[in-house]
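Let's take a walk through this structure, one region at a time. Keep the viewer open as you read.

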Amino acid sequence: MPEPTARKSARRHHWRRDLIELAALFTAVAVADMVANTVAHGPGGPFLLIVSAVALVATAAFHTWWARRHSHAPPAPDPAGSGAVTGAATADEPAGTAPAGAAGPGAAPRETALWRMRTTVRDEPGSLAALCTALAHDRVDILTLQTHPLAEGTVDEFLLRAPAELPAARLTRGIAAAGGGDTWLERADAHDLVDAPTRVLGLATRTALDAAELPLALRQLLGRCTIHSLPAVSVTGRPTGESAPVEGVLESTTMRLRDPHGGVIAVERPHLPFTPTEFARARALVELDARLGPRIPRSQDVLTLPEGNEITVRRAGQDDVEAAKAMHDRCSDRTLSLRYHGPLGDADRYLNHLLSPRFGRTLAVQTASGRLVGLGHLLWDGDETEVALLVEDEWQRRGIGSELLQRLVALAVEAGCDSVYAVTQSSNTGMVAAMRGLGLPLDYQIEEGTLVVTARLPKTRTAARERRSAAERTTTSEPGATPGPRPAFERPSFEQAEH
């Protein structure tokens, strides 16, 4: 209806209401005057007044009884629990079938499952409402919703709580019928209940405290993806040609970001294209890392060996390259060959790569005099994670390698890794014994004298904390603090990792 016509209609309705109210008022005055004259001048005035009072009391009592008997409570559920659905029936659901998740009165609550879903809809009014209606039909609850605007359309990302018996195929069919396209669906867990701003702030805090957290933060931010750190210079000192513009590059399922330490951070997610919103968030994390510069947590543990010597376990970085080279000089050729599996002259070239926080985390063991005697590396290798150990000959057979390995595995579990693997030689009995001492399921692969031992890690982070608490008693957060010693390595003979 045009606006002028609507205004005229409103004015007409306004005058009609006023006329009706005036007529009702004059009628009430006339009736009251007639009753007053009858009571005052009529022969049966007092009798009429008493009858009117009795009628009023009876009417009030009847109204009270009726109101109590017919209260305004909600209607009782269907005794049969049928919950019939109105509307057209689908091929999989005959007419009158209850939606998934409907339960009769007195029935126990049904189990639910969490799902993460993405779908692309047209950028027009009513598109999101159609999706919500389709989800409500199957008794699916929307816990969180994010929107990712595109050049054409919008990507809606949902965290859903659905009946456990609801199949994924039925859910995607309902979304497709409501106008959703390119729908992606996977199971979620309780960690996904954290809202996006809180999760991004937490990842930014972790990145600010530790440069090695950037690849892990990107993986948690973007979900299931593969991250490769491509250096600008190879371990032999030759340029690799890997580079990216300052603003980065986004190409559907791949993004390339300039690494603040040189080179490129390549992120791939073949099963799900990246959105511009995700690309902007990832770039913001990388820019934060670049502005803060190199940084490593300064916490350290002081441990006491069985013979009484104290050692310190701490994080290592590229500032420790010279000390690591000095340790190489004190190691035997056999020790270096078991660790690096190549020409001994190339051992020093790997240190810049191994000690870079971009490629993983490194733990160092030093004596009370400050001499470096052991290194443990946790290296990100795409979707996999490698562990590697090197202990100076003089300090082998004291459990240092096993202590480092247990701490590296705890870090891997906290990072959400599914497994870790170690590449060594079949003759390296110390490394094999240390892997067995983890108490985890192991897989062995042998090819031409090279042994790959893979340990499958527990799924929950609680197990990692319990495993780590047995090895950590005193931790200092300040560089100048003096931690107290504690007994260490009071375990069976499997702690004989030499390398």
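Predicted model: local features only at pLDDT ≥ 70, side-chain atom pairs only at ≥ 80, totals over all residues.

Start at Pro 270, which sits in the loop between strand S8 (264–268) and helix H7 (276–292); helices (H or I, at least four residues) and strands (E, at least two) are DSSP runs, numbered from the N terminus. Pro 270 counts as exposed because its relative accessibility is 69%, where exposed means over 50% relative accessible area, buried under 20% and partly exposed in between, with a 1.4 Å probe and protein chains only.

Residues are numbered from 1 along each chain as its sequence is written, and side-chain values use heavy atoms, with hydrogens and water left out.

Now zoom out. The protein has 13 helices and 16 strands, and 38% of its 499 residues count as buried. Take the contacts (heavy atoms within 4.5 Å) with a separation of 6 or more: 65% of them come from residues 24 or more positions apart. The accessible surface comes to about 27,500 Å², with 56% of that belonging to carbon and sulfur atoms; these areas come from the Shrake-Rupley method with a 1.4 Å probe, and for residues only the protein chains shown count as cover.

Next, the charges. Side chains of opposite charge can pair when their charged atoms come close. How many salt bridges does a search of the whole structure find? The search gives 23, taking a salt bridge as a side-chain nitrogen of Lys or Arg within 4 Å of a carboxyl oxygen of Asp or Glu.

One of them joins the side chains of Glu 186 and Arg 116, at 3.2 Å from N to O. This pair links distant parts of the chain, with Glu 186 in strand S4 (residues 181–187) and Arg 116 in strand S1 (residues 112–121), 70 residues apart. Glu 186 counts as buried because its relative accessibility is 18%, and Arg 116 is buried too, also at 18%.

Strand S1 also holds Arg 118, whose partner Glu 278 is in helix H7, 160 residues away. The closest N and O atoms of Arg 118 and Glu 278 are 2.4 Å apart. Are these two buried or exposed? Arg 118 has a relative accessibility of 4%, so it counts as buried, and Glu 278 is buried with a relative accessible area of 5%. Salt bridges that share partners join Arg 116, Arg 118, Glu 157, Glu 186, Arg 224, Arg 269 and Glu 278 into one network.

Another salt bridge pairs Arg 371 with Glu 392, with the closest N and O atoms 3.7 Å apart. Here Arg 371 is in the loop between S11 and strand S12 (372–381), while Glu 392 is in the loop between strand S13 (384–391) and helix H11 (400–414), 21 residues apart. Arg 371 is partly exposed, with a relative accessible area of 28%, whereas Glu 392 counts as buried at 2% relative accessibility.

While you're around S11, look at Thr 362, which lies in that strand (residues 360–367). Thr 362 counts as buried because its relative accessibility is 2%. What does its side chain make a polar contact with? The partner is the side chain of His 377, at 3.1 Å; a polar contact is a pair of N or O atoms within 3.5 Å, where within protein one must be able to donate a hydrogen and the other to accept it, and residues adjacent in sequence count only if both atoms are side-chain atoms. Leaving out residues up to four places away in sequence, Thr 362 touches Arg 314, Arg 315, Ala 316, Leu 354, Leu 355, Leu 375, Gly 376 and His 377.

Last stop: Leu 19, in helix H1 (residues 3–41). Leu 19 counts as exposed because its relative accessibility is 57%. Together with Leu 22, Leu 25, Phe 26 and Val 29, Leu 19 makes a nonpolar surface patch of about 540 Å². Patches are made of residues with over 30% relative accessible area and no salt bridge, joining like charges within 9 Å and nonpolar side chains (Val, Leu, Ile, Met, Phe, Trp, Tyr) within 5 Å.
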